[in-house]
Amino acid sequence: LQTFSSAVSVSFHKPQWAGCGAIARREAGVCFDEHLSLSRLRRQWLDPSSIGLAMGARLVHVVREPLEVCVSAYQYHLLSSEPWLHVPKSEHFG
């Protein structure tokens with residue numbers, strides 16, 4: 001997406017769509033959000049008063065291969081040094 005944005009001379013913003021400068025300035029751009037939750041999707045795109053609808057912005061939703069997501073998450077959690085990842089959770093039978 002970043003290469004595409006450069007090729008068509010529009011701005012590219014990552015990591016959150018809500019902070020995208022192009023949206024705030026109401027100009028063309030590519031705003032990339034890696035972790036768009038359903039509640040944010042509704043608020044930013046589906047709500048009648050949302051800026052996405054007001055601007056006529058287009059949304060592309062990309063989903064990774066589920067097996068790749070599971071393997072990636074497994075490796076991340078296995079190798080990460082973040083303390084919270086290694087605390088057993090009773091709700092997950094840990």
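Visitor: What is the mean pLDDT of the protein?

Guide: The mean pLDDT is 77, and 84% of the residues reach 70 or more; pLDDT is the predictor's confidence in each residue, from 0 to 100. This is a predicted model, in which local features need pLDDT of at least 70, side-chain atom pairs count only at pLDDT 80 or more, and totals for chains, interfaces and linings use all residues. Residues are numbered from 1 along each chain as its sequence is written, and side-chain values use heavy atoms, with hydrogens and water left out.

Visitor: Which helices and strands does the protein contain, and in what order do the elements run?

Guide: There are 5 helices and 2 strands, and from the N terminus the order is α-β-α-β-α-α-α. Helices (H or I, at least four residues) and strands (E, at least two) are DSSP runs, numbered from the N terminus.

Visitor: Why is tyrosine 74 called exposed?

Guide: Exposed means over 50% relative accessible area, buried under 20%, and partly exposed in between (1.4 Å probe, protein chains only). Tyrosine 74 has 55% relative accessibility, and therefore counts as exposed. This residue is found in helix H5.

Visitor: Why is valine 8 called partly exposed?

Guide: Its relative accessibility is 41%, so valine 8 counts as partly exposed. Valine 8 is found in the loop between helix H1 (2-7) and strand S1 (11-13). Its C-alpha atom is separated by 9.5 Å from that of glycine 29, 21 residues apart along the chain.

Visitor: Which residues of helix H3 are buried?

Guide: The buried residues of helix H3 (residues 38-46) are Arg40, Gln44 and Trp45.

Visitor: What puts them on the same side of H3?

Guide: They cover an arc of only 95 degrees around the axis, so they lie on the same side of H3; the arc is that of the directions from the helix axis to the C-beta atoms. The face turned away from this buried side carries the exposed residues Leu38 and Leu46.

Visitor: How many residues does the protein have, and what share of them is buried?

Guide: The protein has 94 residues, and buried residues make up 16% of them.
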